[in-house]
Amino acid sequence: MSDFNPAAQAEQVITAVLADLRSGAHRGVVVDSPPGAGKSTLVVRAAAELATTGDPLMIVAQTNEQVDDLVERLAGPLHAAVPGARVGRLSRKGYEAPARIAGLANVDVDSDLAALGRPAVTIATAAKWAHVKDHAWRWAIVDEAYQMRSDALLAIAPRFERALFVGDPGQLDPFSIVENDRWRGLSWDPMQSAVSVLLRNNPELPVHRLPVSWRLPHTAEKVVAAAFYPYTGFQSGTGPGERRLTFATKGFGDTSYDRVLEHAAQTGWGLLELPARHTMRTDAEAVSAVAELARRLLQRGATAHSERGEQAVTAQRIAIGAAHRDQVAALRAALGNDEVTVDTANRLQGREYDVVFVLHPLSGRRDATAFHLEAGRLCVLASRHRHACVMVARAGIRELLDAHPSSEPVHLGEPVKFPDGWAANQTVMAHLESHRVRA
């Protein structure tokens, strides 16, 4: 019997993080987190604690959706982490607040910082904070800090004295269309993530790691940790058999769709393998297979059993992920169900579903480019689920990887990136071989 107590382990780390913040001994504190480890919960808890000091707090997020989520969690009726305190939502001009925050009595929304007054907590995107001048806060919290470019951090650094940086080092790197060869190897490379540059220039800053993923089931722990977090690892907050999927109806004949769904319901993973073939990016057969799997799951009336009780797996609890926007458009058209989330890995980042279907980035390709080998992209796609992840791919991906070994140039002074995308893809494909159903 293991002595591992996930709640106690997570609380121990959070307590240490908050103690480092309160001590004032460090200009910054970094918290690394695996998928679903409670980054937002930590951000909200730290915000609530810092708000009690009476010093105004600024929170930096990377997208408007993340900002709105944090506003709701800080001030919404279901959470109210800072009850009675004013929360300011600093926005762009013309921004219309969604219904979930528009009616909150203690939330002010405006594009002008002065119009917000002096709220206890002010939240905005990094892009919006870059336009704020002549104001300073004692405290800042930077959410999804690994998805923030270092030049964006440099632009807002004068706005705060001390900061908490929270993020997931295994997911997608910051995106830029600018070529960065001129800066490679420099300790202040503006295209590197904010945390990478911060720690290269301030190695003495404390780094904490959240040890538990509350999202991923026990069945996903080993493969996701081995592929994307090989040096830190994590543990699932649930044990064997604590989560399962059941169906209200039997399959519609002995089809590959039903076999892979039933296998995924039992094991947490499934691979529907189509015949090997080089295809267009919007492979019609693969797109149709992904859409049919999602439809079949809904038709069979799946129910999720977990520590939350029994819940029907509705369309809102299903997601489909792909690498490219044209693939997403084709998948949406083939599915014909607006309630199922269909999006790219970039936009699925940070979100959670019961069941996720994935069109594998390397399916049907003749080559394995740096974009398609990006470890963070596959990590996002393979770590959104609470119960099961089903991938659809054409046969031959492991052979494709063997034919295209990792060949990215090495630059002096530039940290070697881990995990390596080639190795991460090999690890995932090796795991999926035992969960394969041939179409």
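Predicted model: local features only at pLDDT ≥ 70, side-chain atom pairs only at ≥ 80, totals over all residues.
**Entry 1: two helices, α2 and α3**

I started with a pair of helices and saw that α2 passes α3 in a right-handed crossing. Residues are numbered from 1 along each chain as its sequence is written, and side-chain values use heavy atoms, with hydrogens and water left out.

Helix α2 covers residues 39–51 and helix α3 covers residues 64–75; they pack at an angle of about 55°, with axes 10 Å apart. The axes are lines fitted to C-alpha atoms, for helices over the stretch in contact, and angles run from 0 to 180 degrees between N-to-C directions. Helices (H or I, at least four residues) and strands (E, at least two) are DSSP runs, numbered from the N terminus. So α2 and α3 are oblique to each other. For the angle words I wrote down: under 35 degrees is roughly parallel, over 145 roughly antiparallel, 65 to 115 roughly perpendicular, and the rest oblique.

Which residues meet? I found S40, T41, V43, V44 and A47 in α2 against L70, R73 and L74 in α3. Contact means heavy atoms within 4.5 Å. This set divides into five nonpolar, two polar and one charged. Nonpolar covers Ala, Val, Leu, Ile, Met, Phe, Trp, Tyr, Cys and Pro; charged covers Asp, Glu, Lys and Arg; the others, Gly among them, are polar.

**Entry 2: T125**

Is T125 buried or exposed? With 10% relative accessibility, T125 counts as buried. Buried means under 20% relative accessible area, exposed over 50%, and partly exposed in between (1.4 Å probe, protein chains only). T125 sits in strand β5, residues 121–125. Leaving out residues up to four places away in sequence, I saw T125 touch V60, A61, Q62, T63, N64 and V67.

**Entry 3: the six-stranded sheet**

Next I traced an open sheet of six strands, paired in parallel, in the order β16-β15-β17-β18-β12-β19. Two strands pair if DSSP finds at least two bridges between them. At the edges are β16 (341–344) and β19 (436–438), each pairing on one side only. The twist averages 20° from one strand to the next.

I then looked at β17 (residues 353–359) and found seven of its seven residues buried. Strand β15 (residues 318–322) pairs with β17 in the parallel sense over four bridges, and I318 stands opposite V355. Towards β18 (residues 385–394), β17 has six bridges, again parallel; V356 has C389 as its bridge partner there.

**Entry 4: α8 meets α16**

Last, I checked α8 (residues 218–228) and α16 (residues 421–432), which pack at about 160° with axes 8 Å apart. They are therefore roughly antiparallel to each other. Their crossing is right-handed. On the α8 side, V223, A226, A227 and F228 make the contact, and on the α16 side A424, T427, V428 and H431 do. I sorted these residues into six nonpolar, two polar and no charged.

Technical notes
Left-handed = near helix turned anticlockwise from the far one by under 90°.
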